[in-house]
Amino acid sequence: MSTSSDSVPVVRARGVTKRFGEFEAVRGVDFAIAPGESFGFLGPNGAGKTSTMRMVSAVSTPTSGSLTIFGLDPAIHGPEIRGRLGVVPQEDTFDLDLSLRLNLEMFGRYYDLPRTTIRERTTELLEFAHLSDRAEDKVDNLSGGMKRRLTIARALINRPELLILDEPTTGLDPQARHLLWERLYRLKRDGVTLIITTHYMDEAEQLCDRLVVMDHGRIVAEGAPRQLIADHASREVLELRLGSEHHDEVADQLGSFAERLEVLPDRVLLYVDSADDTLARLHQAGWRPERTLQRRSSLEDVFLRLTGRTLEE
Amino acid sequence: MSRVLPVLGSRRARHVVERNALFYRSQWLMFASGFVEPLFYLLSIGIGLNHLVGSLTVGSHRVSYAAFVAPGMLATSAMNGAVIDSVFNPFFRLKISHAYDSILATPLDVDDIALGEALWALTRAGLYAVSFVGCMFLLGDTSSPWAILEIVGALATSFAFSALGLAACTYLRSWQDFDLITLVSLPLFLFSATFFPLSLYPRALATVVAFSPLYQSATLLRGLNSGQFDGWMILRLGYLVALGLVGLAVAARRFRRILSP
Ligand SMILES: Nc1ncnc2c1ncn2[C@@H]1O[C@H](COP(=O)(O)OP(=O)(O)OP(=O)(O)O)[C@@H](O)[C@H]1O
Ligand SMILES: [Mg+2]
């Protein structure tokens, strides 16, 4: 996927900020998302992902900067833009007075779809969400994961060109999660553009062509998952559990063994070129870690490096 | 904004009306009870007090107490119905279930939601008003065929109160705050010359009462009930419609602040 200049980006943000009273939740973000691309937003709690999603959904207005969706200004063409979007918000909210089926059908009406179309799609989407047998129930009686599935189904009722998913798989069991991934691959194959926020790094690696990492309202890195790993992490990681030792104190002594190291509450991560070699050198120097794990670097390491409080100066 | 009157929403507001109709389809008993309600109003106070009070003067006519109080009851019923529809359900959907938040992901805008809720309250009130005026004819509480126009007056009343109610519900923080609504609507009901003529109030109070939308509504309806037209009627009607428009504008603004900060 490229953001070549001959195709109009589905979303383009330039210096977009969002302020709530005195507090600036989004502090000038720039990005462009090409048609058909799967674009991810990663970042710790409070980074400003949801605030950004809501602006891209043409629901909340940027405080400053310029934002276009389908090349249109959401301040003027809000209804038209939203008609072509599907949104899975972070929080599940429903019409609690209506059954599952009526929730979906009424949503179709808000999009001005014809009733026969709505009925067909509702049946198919309830099937997809594995909720057909609960169709006439009130939404309140569903489990958390079922509500999540219903929200996802609802977002597809208007066959959106751009699907915005804010932590879509939070609360889903592994089976439901893979079912969603599979649906997202199919949508992507059909040319639907996807925007996803997630705290699951494996999900981001699986689903996203390109992603940005946000922290404190800013974008701190951007690229394809593999590229980000290459740019911001070493080739391999050696994880050490040192048992009773105070991790903070040993950090200084371990520093010389790695390009960089990350001290977590339960373990120390050594970013190295070869985990094997490093472990051998540690043993030579008399280190006897309780447990060790050698692995390739992942997006999680990039995330920790960019947003965690690292010990590097 | 491409709209002439941005506060007034768009055609999409009709889907909010549709949603409410869909909901009440499963609540038909509650819906139907509204058609019986006029009988409670008219039979209780009308018949009860008619013999005690006798007749009263409205304009240049003498009318029975039942005919005097019936338009006041219609105005009260239009107010109560509008307030219940525009305060309770929207509050639930705005602040408890957050159903409006999900609607805003669709092409609908906040002003469409505000307008749709007001239109729904108006639709329901209109149906009840027809039933109410029908009952008044049946019970002989009217003294002119023009009384049929009371339906229009009742609609204006419902519009004013549903829009004001919608604006008010955005300020409520919890179910406890609903006492505040009673705190306003009860004195309105008791001090709006719905039971007895304004001339019986002390002068100072009468001036205050004149601003009460319920008083304006009751007086308008009372004039129509006996078929006595005057220029004030236009003003009273205008007052109610203006209050409705202001209420709707405030409601849409408040909805926007709460739903898309
Ligand atoms: N309506 C609001 N009013 C005031 N502050 C807000 C509002 N919405 C969000 N914020 C603040 O903006 C910041 C960013 O919030 P946001 O929800 O965008 O974070 P996030 O990246 O989605 O976090 P999470 O991973 O927890 O979902 C937070 O500090 C939050 O408290
Ligand atoms: Mg969030």
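Modeller: Let's start with burial: buried means under 20% relative accessible area, exposed means over 50%, and partly exposed is in between (1.4 Å probe, protein chains only). This is a predicted model, where local features need pLDDT of at least 70, side-chain atom pairs count only at pLDDT 80 or more, and totals for chains, interfaces and linings use all residues. Residues are numbered from 1 along each chain as its sequence is written, chains are lettered from A and ligands numbered from 1 in the order in which they are written, and side-chain values use heavy atoms, leaving out hydrogens and water.

Colleague: Then why is A:Gln90 called partly exposed?

Modeller: Its relative accessibility is 34%.

Colleague: What makes A:Thr50 and A:Gln90 donors of the magnesium ion?

Modeller: Donors are N, O and S atoms within 2.8 Å of the metal (3.2 Å for Na, K and Ca); water is not among the atoms, so sites may look incomplete. Atom OG1 of A:Thr50 and atom OE1 of A:Gln90 lie 1.9 to 2.1 Å from the magnesium ion, ligand 2, so they meet the 2.8 Å limit. A:Thr50 sits in helix H1 of chain A and A:Gln90 in the loop between strand S5 (85-88) and helix H3 (100-110), so the pair ties together parts that are 40 residues apart in sequence. Helices here are DSSP runs (H or I, at least four residues), strands are runs of E of at least two, and both are numbered from the N terminus.

Colleague: How do you know which residues belong around ligand 1?

Modeller: A residue is near a molecule if one of its heavy atoms lies within 4 Å of it. There are 15 residues around ligand 1, and A:Gly46, A:Lys49, A:Thr50, A:Ser51 and A:Gln90 come nearest. Strand S2 (23-33) and helix H1 (49-56) of chain A each supply at least two residues of the shell, with H1 giving the most, three residues.

Colleague: Why is the site of ligand 1 called shared?

Modeller: The residues surrounding ligand 1 come from chains A and B, so the site is shared between chains.

Colleague: How do the residues of that shell divide by class?

Modeller: There are six nonpolar, seven polar and two charged residues. Ala, Val, Leu, Ile, Met, Phe, Trp, Tyr, Cys and Pro count as nonpolar, Asp, Glu, Lys and Arg as charged, and the others, Gly among them, as polar.

Colleague: Is A:Ser51 buried or exposed?

Modeller: A:Ser51, found in helix H1 of chain A, has a relative accessible area of 15%; this is under 20%, so A:Ser51 is buried.

Colleague: What makes you speak of sides in helix H10 of chain A?

Modeller: H10 (residues 275-284) has the buried residues A:Ala275, A:Thr278, A:Leu279 and A:Leu282. They cover an arc of only 100 degrees around the axis, which puts them on the same side of the helix. The arc is that of the directions from the helix axis to the C-beta atoms. An α-helix has 3.6 residues a turn, so residues three or four places apart point the same way. On the other side of H10, A:Asp276 and A:Gln284 are exposed.
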